Amino acid sequence: MAYLAFYRTFRPTSFDTVVRQEHIVRTLKNQIASGKVGHAYLFCGPRGTGKTTLAKIFARAINCENPKDGSPCGKCPTCKSLSEGGNLDIYEIDAASNNGVDEMRDLREKVQYPPVAGKYKVYIIDEVHMLTASAFNAVLKTLEEPPRHAVFILATTEPQKIPATILSRCMRFDFKLIPQKDLEELIKSVLDKTGKQYEDEAVAAIARAGAGSARDSLSIADMCASYSTGKLTYSDVNTVLGSADFSVVADLGERILCEKADEALSGIENILSTGKSVGVLVKDLLNFLNACAIIKICKNAKEILNLPSEAFLKISAAAEKCDGHKILRVTEILSKAENDMRYSLNGRITLETAVIKCALPQEDYNIDALIGKINALERKIADGVQIKTETAKPRPAPAEAIKESPAESKPSARLQPMSGETEQSPFGGGAETVQPTVWEAAKENLAQKPASELTQEEKNGLFGKFIKSLRTTRRNAVLFTLCMDLNSFFEGAKIVFTTDNEAVYKGLTKVDNANFISETLAELGVTEHEVRLVKKGESGYETAVKELKSNFEGIDVIIK
């Protein structure tokens, strides 16, 4: 006899040997035991979860003369007759190739004939969603009121494509994906029966690749068993699946997370030069990032991943070097790249572009990248390391810095390097030493002049000085970010900051931040300040006028 694949050789023949789907097995067993067998069933769920297998077991069980715990005995004359290929009582139809109205009319005529060996004539229609609208209509009445001896079992992976008139006439059972642990036990039992030795990590890798499908898992196990001449190893499974060497993928993933763009691109070149597919490489990187996220979040990550000790330690080391937000950002970028490859003529360019974007968050202006930059700044501040940030243009000359106009008082959204630091472009190029400004030297002189003596021009420029003071202070880069978009004006000797963002308002009114702002303003000669929350579209001046009028209600307030 020709060789049979694992999933055919070890197909369950009784309810007890079916992997999971307990909710369906129990219902069918109880119906057989009580004699309450329905006339139409709908088995729907993902591929490889046991729909056709359970349909065949149920078809034999309802015809068995001596069922054992609801399952067919396999010994009575009826069971032996139904196990033969030429039996006429179990009729299996492939709706993908017999989807026309003529086939359903033929079925409607044949269903009138009584069974030959058993009590029921069972019609299993696989991939029933492939039937045409006319074919569904042709079988509709027969499905609603079939002869007493007829039982219909419809199987499909896409129940949403079946008309509601058909769904309402069937008893529906939804099959679930099989958990990895159960797939591992199934694979081990099959390999044990065939006498194949294996590593537990290899079996876990096969189960993960099966993605909840028993048939897919056994097909992969069949290939791996044929490939390996000795003991089945984790490396053998990766080779069969076409995955790159784990350590190489882990090194590449670590370079991306550590923002080493040049080394990451070199790693991609080395992997693809061995003949690995771009799509498989992206999938491997996503699996690596998923493992990093699990290690970051779960205390029992070792049991969940079930990886070799060396591989687990390597992933753990990479996960420790970055925060969870960075792992999430990189995962989202690569997931989008995987989707974009379906429409790309050159998948390699798509992958390399995504890797550059992952490794260079300073060139990315979306919110996730900005949060990543702030997190990096906070870590540097905590470690006492000088903050080095890029600039769009050199600082102005000292003479220009003193004569800052009111129009320039609002800071740029890009951070400037501190005086005396070296600016380096992330794309390479020469370093440029930033010259110190006279602002640091002139700050003490400005502090000696109280706010009440400041001219209007000096008041207009004070906000810019305040922002610069925050920027050149290493302690509080986050506070600098919060203050960048504030509006300001003076009420006597008090400076008032306004914002329409409630989150910014709450952040600036925290005790620590408010004290720090007071200290910074005191150095500039301003002893009072206030942060106000205004409505969107309303200026701080308009808010102050409204407040003034409310405080002096009944008195005519003239605004000039």
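## A three-stranded sheet

Let's start with an open sheet of 3 strands, arranged in the order β8-β9-β10 with mixed pairing; strands here are DSSP E runs of at least two residues, helices are H or I runs of at least four, and both are numbered from the N terminus. Two strands pair if DSSP finds at least two bridges between them. The edges are β8 (487-491) and β10 (528-533), each of which pairs on one side only. From one strand to the next, the twist averages 25 degrees.

β8 and strand β9 (residues 494-499) are antiparallel partners over 5 bridges, and F490 has I495 in β9 as its bridge partner. Helix α25 (residues 511-523) lies across β9 and β10 and runs at about 135 degrees to β10; axes are lines fitted to C-alpha atoms, for helices over the stretch in contact, with angles from 0 to 180 degrees between N-to-C directions.

## The model and the whole chain

This is a predicted model, in which local features need pLDDT of at least 70 and side-chain atom pairs count only at pLDDT 80 or more, while totals for chains, interfaces and linings use all residues. Residues are numbered from 1 along each chain as its sequence is written, and side-chain values use heavy atoms, leaving out hydrogens and water.

The chain holds 26 helices and 10 strands. Of its 560 residues, 44% count as buried, meaning under 20% relative accessible area with a 1.4 Å probe and protein chains only. Among contacts (heavy atoms within 4.5 Å) with a separation of 6 or more, 72% join residues 24 or more positions apart.

## Nonpolar cores

Which residues have the most contacts inside the largest nonpolar core? They are F288, L334 and L351, in a core of 63 residues; such a core is a set of buried Ala, Val, Leu, Ile, Met, Phe, Trp, Tyr and Cys residues joined through side-chain atoms within 4.5 Å. Helix α14 (residues 278-297) gives the largest share, 11 residues.

Leaving aside residues up to four places away in sequence, F288 touches V249, A250, G253, E254, L257, I315 and A318. Apart from this core lies another, of 24 residues, including I57, A61, I62 and I90.

## One cavity

A search of the whole structure turns up 1 cavity of 30 Å³ or more. On a 1 Å grid over the protein atoms alone, a cavity is a set of points where a 1.4 Å probe fits but cannot get out, and lining residues have an atom within 4 Å of a point. The largest cavity holds about 40 Å³ of space, where volume is the space filled by probe spheres set on points joined across faces, edges and corners.

I125, V128, L131, F136, V139, L143 and L154 line the largest cavity. Helix α6 (residues 133-144) supplies the largest share of that lining, 3 residues.

Terms used:
Buried < 20%, exposed > 50% of the residue type's maximum accessible area, 1.4 Å probe, protein only. 1 Å grid on protein atoms, 1.4 Å probe; cavity = no way out; pocket = protein on both sides within 12 Å on 5 of 7 lines; lining within 4 Å.
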